[in-house]
Amino acid sequence: MRNKIVAGNWKMNLSFNEAQELVDELLDRLEEQEDLKCEVILCPPFPYLELLTDFEFDVQLYNVGAQNCAAYEKGAYTGEVSPSMLKSLDVDYCIVGHSERRKYFNETDAMLAEKVNRLVENEMSPIFCVGELLEERESNRHLEVVRQQVEQGLFHLNAEAFGKVLIAYEPVWAIGTGKTATPDQAQEMHAFIRDLVRKKYGDKVADKIRILYGGSCNAGNATAVFSQPDVDGGLIGGASLKAEDFVSICIQASQL
Ligand code: PEP
């Protein structure tokens, strides 16, 4: 039985004061949920990470993730943030290969594989994003595209390192568009990815890996998508900026 995970990707949004307000409201709302069974991960922009890592809880309300990291360990890489710097702030997760980074920052599979390596070396968990463009789905190439992304970004890892990875299936045409994949489309791709993992790493690893869905997921559609057998929760963009909606998604995940 895999616990669901709900991760919020704030992207490049909010002023410091707005981020502080969101954190306060999230804390209030999460604290009210005495028996939340899903794992919550919050991924703010770099300058706001400490707003989230500074708390000590009796019960862990959430984990913290970054949205990106350097492919290098340290040194003369102006403007970059390394996994070991993130780890020293108690950040345990990092999104890698979001389609916006692949598109606007030309991140290649080879570069992403290096980021994954630096993260697992630092005992952090990559949230590795994969997903096809609309034209790739329309020409029925979606499975092949995602297979390549998974193989090239992750399959060089040994089974132990791979055990730290989460995968997020995010069809590019569904991100920020209000157009969600249907539960059947999500299930088809998640089952396909789990099967790739099974063939490469065996049953134990495949049954354990968490595969999240992302793409216009909100409080109105979370239950339908998350109730699919191979969907282990969600990576939430826009709806993670509203505490009420985000916590509603967490509650829905927790009830499945
Ligand atoms: C995302 O960017 O990871 C995402 C899923 O965005 P949205 O929920 O806004 O579609």
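## Ligand contacts

A polar backbone atom of S216 lies 2.7 Å from an oxygen atom of the ligand. Taken alone, the ligand exposes 300 Å², and the protein buries 95% of that (Shrake-Rupley accessible area, 1.4 Å probe). H98 contributes an N or O atom of its side chain, 2.7 Å from a ligand oxygen. At G237, a polar backbone atom is 2.9 Å from an oxygen atom of the ligand.

This is a predicted model: local features need pLDDT of at least 70, side-chain atom pairs count only at pLDDT 80 or more, and totals for chains, interfaces and linings use all residues. Residues are numbered from 1 along each chain as its sequence is written, and side-chain values use heavy atoms, leaving out hydrogens and water.

## Ligand shell

The ligand is surrounded by 14 residues (a heavy atom within 4 Å). The closest are K11, H98, E170, G176 and S216. By class, the shell holds 4 nonpolar, 8 polar and 2 charged residues (Ala, Val, Leu, Ile, Met, Phe, Trp, Tyr, Cys and Pro count as nonpolar; Asp, Glu, Lys and Arg as charged; the others, Gly among them, as polar).

## Helix pair

L22, E25, L26, R29 and L30 of α1 meet A243, E244, F246 and V247 of α12 (heavy atoms within 4.5 Å). This contact of α1 with α12 has 6 nonpolar, no polar and 3 charged residues.

Methods:
A polar contact is a pair of N or O atoms within 3.5 Å; within protein, one must be able to donate a hydrogen and the other to accept it, and residues adjacent in sequence count only if both atoms are side-chain atoms. Helices (H or I, at least four residues) and strands (E, at least two) are DSSP runs, numbered from the N terminus.
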